[in-house]
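Here are my notes on the model, point by point. Please read them with the structure open.

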Amino acid sequence: MANSPKTIIVMPVANEADTMAQVIDEIMAMPYENLYYYPVIDDFSKDDTEKIIREKAEQNDKIKLIYYKESRGVISCYLEGYRQALEDGADRIIEMDGGLSHDPKQLPMFIEKLDEGYDCVWGSRFMKGGGVSDLPLYRRILSGGGTFLSNLVLGTKLKDMTSGYEAFQRKVLENINLDQIMSTGHMYQTEMRFYCRNLNTIEVPIHYVGSSTGLKASTVMEALSILFKLKDHEKYIWKNII
């Protein structure tokens with residue numbers, strides 16, 4: 001429907017030439033008139049990912065490539081995507097990982113829950129109906145353990161505190177000081193879920209396909225450090241309470 005809320009998908013991408021065309025085609029085939037796709041790329045990408053996106057964008061004006069020269073990693077790309085989506089009038093923003101780690105065919109679940117009025121929709125690998133594949137055992141342990149520890153420390157009660165498939169109503173992101181987000185790595189997902197814990201939120205089951213990307217010990221240490229700072233830092237996050 002032409003008058004449906006403007007929904008923008010933000011997706012950091014890099015070195016994903018093998019799957020990029022398929023991801024775009026599946027997203028653009030979704031039966032939503034007002035659905036847009038904003039891939040965010042930086043100099044870390046060395047293959048034909050950017051070329052493929054530019055060619056697709058020439059054929060479809062609902063695709064907007066964001067080249068983020070000032071990128072400091074994947075989380076900064078998420079946040080830059082949010083900023084540009086808000087500037088371009090997004091009513092809702094959906095965050096996804098690339099490389100088919102997150103299945104575009106699961107987008108209708110997120111859109112349906114946004115339509116029902118939820119402020120945030122969290123993808124969950126660990127609730128009934130969710131799952132993971134091609135993910136090393138140590139990554140499963142870290143994700144599951146991270147969720148347990150985060151819920152214990154922060155008082156949250158989610159099944160999955162570290163998934164990157166999530167959706168927000170505009171009012172949520174426009175009232176968050178994005179420049180005050182502390183995390184530069186995997187802790188970002190937990191940070192957002194903590195700040196939004198008092199909003200009207202819901203988890204939906206997703207299936208996550210693992211990648212070959214490793215997880216550095218420094219990333220885990222950063223996550224632990226930030227976890228115990230979130231409660232004190234929250235006062236800097238909200239522009240207005242919603």
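1. Val 40 stands opposite Ile 66 in strand 3. Strand 2 and strand 3 pair in the parallel sense over 2 bridges. Two strands count as paired if DSSP finds at least two bridges between them. Strands (E, at least two residues) and helices (H or I, at least four) are DSSP runs, numbered from the N terminus.

2. A word on the source: this is a predicted model, where local features need pLDDT of at least 70 and side-chain atom pairs count only at pLDDT 80 or more, while totals for chains, interfaces and linings use all residues. Residues are numbered from 1 along each chain as its sequence is written, and side-chain values use heavy atoms, with hydrogens and water left out.

3. The open sheet has 7 strands in the order 3-2-1-4-7-5-8, with mixed pairing. Strand 3 (66-67) and strand 8 (201-205) stand at the edges with a single partner strand each, so one side of each has no neighbour in the sheet.

4. Helix 1 (residues 17-28) packs on the sheet and touches strand 1 and strand 2; contact means heavy atoms within 4.5 Å. The direction of helix 1 makes about 155 degrees with that of strand 2. Axes are lines fitted to C-alpha atoms, for helices over the stretch in contact, and angles run from 0 to 180 degrees between N-to-C directions. Helix 7 lies across strand 4 (92-95), strand 5 and strand 7 (166-169), at about 35 degrees to strand 7.

5. Which residues touch the most other members of the largest nonpolar core? They are Tyr 82, Phe 168, Ile 176 and Cys 196, in a core of 41 residues. Such a core is a set of buried Ala, Val, Leu, Ile, Met, Phe, Trp, Tyr and Cys residues joined through side-chain atoms within 4.5 Å. Buried means under 20% relative accessible area (1.4 Å probe, protein chains only). Helix 3 gives the largest share, 7 residues.

6. Tyr 78 and Tyr 188 form a stacked aromatic pair, 5.6 Å centre to centre with 20 degrees between the planes. Rings of Phe, Tyr and Trp (its six-membered ring) pair if their centres lie within 6.5 Å; planes under 30 degrees apart count as stacked, over 60 as edge-to-face and the rest as tilted. Tyr 78 lies in helix 3 (residues 74-87) and Tyr 188 in helix 7 (residues 187-195), so the pair ties together parts 110 residues apart in sequence. Both tyrosines are buried.

Note on methods. Buried < 20%, exposed > 50% of the residue type's maximum accessible area, 1.4 Å probe, protein only.
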